Amino acid sequence: FGNAVSAHPDPIEFTLALIKPDAYPAKKDDILQRIRAEGFTIVKESEVHFSADVAKEFYKEHVGKPFYETLVGWMSSAPIYAMVLSKGGAIKAWRALAGPTNSEKARETSPTSIRAMYGKDGSENAVHGSDSLESAKREIGVVFGHDFAASIEPPVAAASSAAS
Ligand code: UDP
C-alpha cells in the first residue's frame, strides 16, 4: 500500500520463445536486445532446425486448420532460434512483447511490438510464445527435451512429500 512495488509480485514462470525463419538470423540481435530490456532471463538458448515430425508435434493443437501444413513446412524449412525465458509473469509478458499474431494488424495496434517491427503478415510473424503454463511446459519439452522441462518445474512432489 502506497508502495509502487507490488506486495504480490507475479510468480516466476518459464516460457518458450522462438525466433521463426523470417526473422532468424537477421533479427536475432535486435530481438534479444528487446527481451533483455524487458528484464527476462534467458535460461536456455539454442539454434534448432525442426524436422517435419517435430514441427507437427509442436503445432499439434492446429491439426486440421487450413494453415497447418504450410506452417509445419515453413517452420521446418530453415533453422530457428529457441529460448526458454524466465521472469515474473513471463508467459503473458512475452506474448505482450511479441504482439498480436498478425504482424500487419500489430503494426496498427501495437507498433512497437516485435511482430509489428520484424514480422511480415498473419503467417510469417517473427516469433512464437507459449500461451499458458501447460503449453509452455509441453513446448519446452518438445524443443529442449522432457528432462529439461521437468528440471525447471516447481518441485511440487518434493514439497508435498517433505510435508507429509
Ligand atoms: N498462423 C497462420 N495463419 C493463421 C493463424 C496462424 O499461418 O490464420 C500461424 C502463425 O505463424 C501463428 C501460428 O500459426 O503464429 C500459431 O497460431 P496461433 O493462433 O496459435 O497464434 P500465436 O499463438 O502464435 O499468436
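**Gly89**

I started with Gly89 and found it partly exposed, because 14 other C-beta atoms lie within 10 Å. (For my own record: buried takes 20 or more other C-beta atoms within 10 Å of a residue's own, exposed 12 or fewer, partly exposed is in between, and the C-beta atoms are placed from the backbone.) Before going on, I noted that this is a predicted model, where local features need pLDDT of at least 70, side-chain atom pairs count only at pLDDT 80 or more, and totals for chains, interfaces and linings use all residues. Residue numbers run from 1 along each chain as its sequence is written.

I placed Gly89 in the loop between S3 and H4. (Helices are DSSP runs of H or I with at least four residues, strands are E runs of at least two, and both are numbered from the N terminus.) What does Gly89 contact, leaving aside its neighbours within four places in sequence? I got Asp10 and Glu13, with contact meaning C-beta atoms, placed from the backbone, within 7 Å. I also checked Ile12: its C-alpha atom is 6.0 Å from that of Gly89, though the two are 77 residues apart along the chain.

I then followed Leu18: leaving aside neighbours within four places, Leu18 is in contact with Ile80, Tyr81, Ala82, Val127 and His128.

**Ligand**

His128 came up again around the ligand, along with Phe67, Leu71, Thr101, Gly122, Ser123, Asn125 and Asp131. I used a cut-off of a C-beta atom, placed from the backbone, within 6 Å of the molecule. By class I have two nonpolar, five polar and one charged. (Ala, Val, Leu, Ile, Met, Phe, Trp, Tyr, Cys and Pro count as nonpolar, Asp, Glu, Lys and Arg as charged, and the others, Gly among them, as polar.)

**Whole chain**

Last, I logged nine helices and four strands, in the order β-α-β-α-α-β-α-α-α-β-α-α-α. Buried residues make up 32% of the 164. Of the contacts with a separation of 6 or more, 67% join residues 24 or more positions apart.

Methods:
Two residues are in contact if their C-beta atoms, placed from the backbone, lie within 7 Å.
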